[in-house]
Amino acid sequence: MRNTELLVPASSLEVLKVAVIYGADAVFIGGEVFGLRAKAKNFSKEDMIEGVKFAHDHGVKVHVTVNILAHNNDLEGVREYLKELKEIGPDALIIADPAIFMMAKEICPEIERHVSTQANNTNYGTYKFWYDLGASRVVSARELSLAEIKEIRANIPDDLEIESFIHGAMCISYSGRCLLSNYFTGRDANQGACTHPCRWKYAVVEEQRPGEYFPVYENERGTYIFNSKDLCMIEHIPDLIDAGIDSFKIEGRMKTALYVATVARTYRKAIDDYKESPEKYQANLDWYKEQISACTYRQFTTGFYYGKPSEESQIYDNNTYNIGYTYLGICGAPNSEGFVEIEQRNKFSVGETIEIMKPNGDNVEVEVLGIKNEDGEDMESCPHPKQKLFIKLSTTPEEFDILRRKEEEA
C-alpha cells in the first residue's frame with residue numbers, strides 16, 4: 001500500500017495553523033500573486049515564512065500555488081516571485097503553465113514541481129511527459145474515473161506521484177479552465193479572479209421574444225443550471241487507495257478555519273482508521289458522514305469517479321449551502337484564570353450553550369460563563385465580528401480548539 005498524504009487548503013496563516021493541528025500531512029497555499037484564488041486572503045511573504053516554519057516544525061509540508069495561465073506581461077513578475085519562493089523554501093510548487101514550470105526548474109530546482117489539474121492531465125502519456133521534464137507529482141484532471149486513475153498508476157514510473165481532489169466544490173469548466181467569468185465580468189478565472197458565474201441563476205430567452213425569460217427547469221425562480229453538488233469521497237477511501245492515489249486533496253482555499261478543521265479532522269481519522277483496519281473504517285462510517293455534514297456544503301456527489309455524473313449531480317433550484325454549525329472563533333492558550341483569548345467571528349452570549357471542537361475528534365458541549373473585552377470589562381455578548389475577547393467556559397479549552405454553535409434545522 002502506497003503512503004497516503006492528506007493535502008489541506010489554507011487561505012491564511014491562521015487557517016494554515018488549524019490545518020496542521022487538525023491532521024494535514026501537507027497544506028497548499030497561495031501567495032499574493034500568480035495563484036488561482038486572488039479573492040482569498042492569501043499569504044504575504046512574512047506570513048508565508050512563518051507558515052512554512054510552523055508547518056515544518058510540526059512535520060507538515062507546504063505546497064505553494066503558482067498556477068495561473070500566464071500572459072506575456074506576467075512572465076517577468078513570475079521570475080521574480082520564484083526567486084522569492086527559493087528563499088522561503090516551501091516543499092513544492094503547483095504549476096499549470098509550461099513556461100512557469102521551466103522557469104521554476106531553472107530558478108529553484110530544489111523545490112519539487114507539481115503539475116496542476118489546470119494542465120488537463122487525463123492520460124498516462126501526459127503524466128510521463130511531465131515526469132520527463134522533472135515533475136515529481138501530477139494532479140489528475142477532475143474528469144477522470146477511478147478506473148482511469150488506476151490505469152495511469154499502472155503505466156507511469158513508481159516514483160511519480162498522483163494527486164487527486166477528493167472533497168470540495170466542483171468547477172463547471174473542463175479542469176477548471178473557465179471563460180465565463182472573464183466574458184461576463186472581465187475577471188479572468190485563469191488569472192485567479194473568478195466570479196463564480198456557474199453559481200448564478202439562469203433562464204432561456206427566445207430570439208423573437210426579447211425580455212421573456214423561460215426557466216430552464218420547471219421552477220418560477222429560474223435555474224442554477226451549472227451548479228454542481230460538492231465532491232465528497234469520505235465513504236470511498238478504500239477505492240481511492242486501491243486506485244493508487246498518493247495525495248488526497250481537499251478543495252477550499254476560500255473556506256473558513258471551521259470548514260478546514262472539520263474536513264481535515266474527518267478525513268484524517270477515516271484514512272488512519274482504514275489503514276489500521278478496514279473493519280474499523282466500516283464501523284465508523286456513520287461518524288465520518290455525520291461530521292463531514294456538519295460543515296458548510298452544497299449537497300454531495302462522487303463526481304466522475306464512478307463514471308460520468310448524471311443530472312443527480314446538479315442542483316437546479318437554489319444556490320444555498322447547508323450550514324450545520326456557525327463558526328465562533330479559535331481558542332488561544334488559557335490564562336491563569338481560565339479565560340482564553342479569541343478573535344470572535346460570529347455573535348454568542350453569556351449563558352449560551354456552544355461546542356468545543358477538538359483536533360482529536362471530540363466535541364464538547366459547554367456553557368459560556370463569561371466574556372471580557374480587551375479592557376477587562378464584562379460583556380453580555382459580542383456583537384462585533386473580529387473583536388478580540390477573553391471568554392470563560394464551563395470546560396476550559398486548549399489552544400487551537402475551535403468554538404462553534406450548532407444551528408437548528410429549518
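Of the 410 residues in the chain, 54% are buried. Among contacts between residues at least 6 apart in sequence, 68% join residues at least 24 apart.

The average pLDDT of the chain is 87, and 86% of the residues score at least 70. Residues 218-222 have a pLDDT below 50, and beyond near neighbours in sequence this stretch has seven contacts in the model. Where pLDDT is low, the predicted coordinates should not be read in detail.

The buried ones are Leu13, Val15, Leu16, Lys17, Val18, Ala19 and Val20. In an α-helix, residues three or four places apart point the same way, because there are 3.6 residues a turn. What covers the buried residues of helix 1? The cover includes strand 1 (5-9), strand 2 (26-30) and helix 2 (45-57). Helix 1 is followed by Gly23, which has a positive phi, near 125 degrees.

Most residues other than glycine have a negative phi, and most peptide bonds are trans. Asn120 has a positive phi of about 60 degrees although it is not a glycine. Asn120 sits in the loop between strand 5 (112-115) and helix 5 (124-133). Its relative accessibility is 19%, and it counts as buried because the cut-off is under 20%. Phe400 is another such residue, with a positive phi of about 80 degrees. The loop that holds Phe400 runs between strand 18 (388-393) and strand 19. At 16% relative accessibility, Phe400 also counts as buried.

A further loop residue is Asn67, found between strand 3 (61-66) and helix 3 (75-88). Asn67 counts as buried, with a relative accessibility of 7%. Asn67 and Leu93 are 26 residues apart along the chain, and their C-alpha atoms are separated by 8.6 Å.

Next come the cysteines. A disulfide is a covalent bond between the sulfur atoms of two cysteines. How many disulfides does the structure hold? The number is zero. Cys232 is buried, with a relative accessible area of 9%. Cys382 is buried as well, and its relative accessible area is 0%.

The last topic is empty space inside the model. Rolling a probe the size of a water molecule over the atoms shows where empty space is left. A search of the whole structure finds two cavities of 30 Å³ or more. The largest cavity has a volume of about 80 Å³. Its lining includes Ser140, Ala141, Arg142, Leu144 and Ile149. Phe165, Met170 and Leu231 also line this cavity, together with the run Thr302, Gly303, Phe304 and Tyr305. By class, the lining has eight nonpolar, three polar and one charged residues.

Note on methods: Residues numbered from 1 in each chain as written. Predicted model: local features only at pLDDT ≥ 70, side-chain atom pairs only at ≥ 80, totals over all residues. Heavy atoms only, no water. Buried < 20%, exposed > 50% of the residue type's maximum accessible area, 1.4 Å probe, protein only. Helix = DSSP H or I, 4+ residues; strand = E, 2+ residues; numbered from the N terminus. Contact = heavy atoms within 4.5 Å. Disulfide = S-S within 2.5 Å. pLDDT = per-residue confidence, 0-100. 1 Å grid on protein atoms, 1.4 Å probe; cavity = no way out; pocket = protein on both sides within 12 Å on 5 of 7 lines; lining within 4 Å. Points joined across faces, edges and corners; volume = space filled by probe spheres on them. Nonpolar A, V, L, I, M, F, W, Y, C, P; charged D, E, K, R; others polar.
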